[in-house]
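Colleague: Could you walk me through this model? I would like to go from the chains to the place where they meet.

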Amino acid sequence: MTRLSPFRIRQIVRKEVRQLLRDPRSRPILFVAPVVQLLLFGYAVNTDVRSTPLAVLDLDRSAASRELVDELVAAGYFETVIQADRPRELVEALDRGQALIALEVPPRFSRDLASGRGAAVQLLVDGTDSNTGTIALGHARRTILAYSLEKGGLGESLAIGPRLEPRAWFNPSLESRVYNVPGVIGILILLMCLLLTSFSVVRERELGTLDQLRVSPVKPAELILGKTIPVAVVALIDLALITAVGTAWFDIPLKGSPLVLLAASLLFILSGLAAGLLISTVSKTQQEAFLTMYLVLLPSIILSGFFFPIHSMPELFQWVSFLNPVRYFLEIVRAIFLKGAGPVVLWPQFSALLILGTAGIAVAIRRFARSIA
Amino acid sequence: MSRRRLFAIARKEVIQLARDPRSLVLAFLLPLLLVLVFGYAITLDVRDIRLAVLDLDATSESRRLVDAFAESGYFSVRRRLERYGDAEPVLVAGQASAVLVIPRDFAADVAARRGAPVQLLLDGSDANTATIAMGYADAIMSGFAADVLPIRDVFLAVEAETRVWYNQTLESRNMIVPGLIAVLMSIIAAMLTSLTIAREWERGTMEQLVATPVHRLEVVFGKLLPYVGIGLVDVALASAVGVFLFGVPLRGSAALLLAASVLFLLGAQGLGIFLSAALRSQVLATQAAIMVTYLPSLLLSGFVFAIANMPAALQVVSYAVPARYFITVTRGIFLKAVGLEALLGSLIGLAIYSAIGLGLAARAFRKEIA
């Protein structure tokens, strides 16, 4: 390849920056939309099962039954939303989704408890949302078990047996937002990169301005680089902006080094831009680019480990996910933020991003060079 | 509105679609393919949690405990550690999600009934997996304790009889597939119609359409009809895949599901027409379409992240996301077998949404033509 001219690249960059900022309607999309989306979605990506809506049918109405309900509510895992009078109301509450869990205390509860015969309560769980169901059920069972041991005077005899002492590292209060907000950041940046680059080449082609560029002395690589640099700058500003907002607003600790984070971000933006440029050079029309982008985005989100854990997927899809830059970015960002990990641990993910990014851009330049030759 | 002109527009649209096999294949196969792939690929079930074991006791007792973890099906022992210091690097590098630490005097403590503590170190960064792993470990440990303790039947003062409704095995696939159908349709529906207006402009046939005596409502509805038909076929195909391939039960009324789908599709596709007609630039239209449909449908619909967990303000925002209603409807019909009465709220939500979508489409069209 002949040498690239910094002057010509700069000219293309200037042209692209003007085009980017010319339409006043697109300016908010560049810098405001990502922040707004982060704030919205940052609140949404929460799998902590707290304050699960609870429907209670207390047929006993005794001090003991009230104590049990209070225990359930006191830990913060449940919130009584419905006090039912008849079993029928419990069914309705679950059917309508007003409550996700229902507790039925039978009429003889306190008498059975006092007599030492052993009492029983019924828990009905809405399993539609399997994740919330599993966790809420666990909380309820533990609370009732503790209540039961206390009432049965068994607290001591269990202390003599083997017991488990769980300790959660990196995130002792087990808040899911801390894990998921970096995921939102990754997706938003990928979206930005794709939106801004997928159309870049194909639009010139449709508008016919590509021919003008072709007769100019600009080389394909210079054109691609010139188109990419402004987008990379925009994406980097966005990333800095939403990382700052995300960490400050949602109280996410950054345990690792900001420099490592910056390096990872640059590599990720590189691979995001490569994906967008590939789409743009493969497509013949803007519509085609749009469709391809639409289709690429979905697997990038779903097979990234953002909300569906990768190690639970069938082998084949775990392999496919190796081609997904978001996967590596998420692994890196989560490890830097929460575990304070550095390049010593994360070098495989860094190299993967580097390879995906440079290979993608190289292929895009070659395809583009061939198509205008 | 004349029925003849309406159907004429619809016929024209069908003929045009039939001549463009690529978009036809896309419209029919895409949702099917995506449900197939993602329904198979994604699960929220936490199984085979990667466990590293540091057994400092190395007695038959400690090995029994490790076996109890390994045989539970929830944990798979991936690594054996030698020193306590190894636990941290293993968790930092993500080679294991949890480390089981059995201290040196475990067997002796168990025998002496001194209370033998066992540590479980969890990678808390993935809070969801950690919470679930903790629950499983707790259960395994209680089983182990009941085995080695002399008190055979630990008397429980209160027993909790639990019953899980709608999804007895708490399998995540039953939750994901109906949700996936709704999310995919939200993402695809607007895309399909936003292309049809763009096509008219591109080929210059819009002017011809304007010159004919058709009313704008006739144009909007005529264009929508074939796409609503396609969308319905898509929903039916995707549901069939869910039921026959993934074994997701369809307990409620299929007719109600289709009726709700019509409401939903009218709105989503009307919105697609509005976006492409209102924002003349294709790039802007697609950017707007993606911002409006893509991430909100995934994140604010209750697909994975329960709406009940969101702050009140965001719950209010979620009322503006049509996928929210559609997911309530698909899950309700598939799993809960609920009828019109329980779904009324969501259906009204969908009806309002489609009225807005269609209204916007008709208005944008008038401006376009004028």
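Modeller: Gladly! The secondary structure of chain B comes to 14 helices and 5 strands, where helices (H or I, at least four residues) and strands (E, at least two) are DSSP runs numbered from the N terminus. This is a predicted model, in which local features need pLDDT of at least 70, side-chain atom pairs count only at pLDDT 80 or more, and totals for chains, interfaces and linings use all residues. Residues are numbered from 1 along each chain as its sequence is written, while chains are lettered from A and ligands numbered from 1 in the order in which they are written.

Colleague: What radius of gyration does chain B have?

Modeller: The radius is taken over C-alpha atoms, and the globule rule is 2.2 Å times the number of residues to the power 0.38. For 370 residues, a compact globule would come near 21 Å. The C-alpha trace of chain B spans about 95 × 45 × 40 Å along its principal axes. The radius of gyration of chain B is 28 Å.

Colleague: How many residues of chain A take part in the contact with chain B?

Modeller: Two residues are in contact if their C-beta atoms, placed from the backbone, lie within 7 Å. Chain B gives 92 residues, and the number from chain A is 92.

Colleague: Which helix of chain A gives the largest share of that side?

Modeller: The side of chain A that touches chain B has 24 polar, 15 charged and 53 nonpolar residues. Here Ala, Val, Leu, Ile, Met, Phe, Trp, Tyr, Cys and Pro count as nonpolar, Asp, Glu, Lys and Arg as charged, and the others, Gly among them, as polar. The largest share is 15 residues, and they come from residues 130-152, helix α6 of chain A.

Colleague: Which strand of chain B pairs with strand β5 of chain A?

Modeller: Two strands pair if DSSP finds at least two bridges between them. Arg163(A) stands opposite Pro117(B), and Leu164(A) has Val118(B) as its bridge partner. Strand β5 (residues 163-169) of chain A has 7 bridges in the parallel sense with residues 117-123 of chain B, strand β4.

Colleague: What is the order of the strands in the open sheet?

Modeller: Pairing in this sheet of 5 strands is mixed. The edge strands, each pairing on one side only, are β5 of chain A and β2 (75-80) of chain B.
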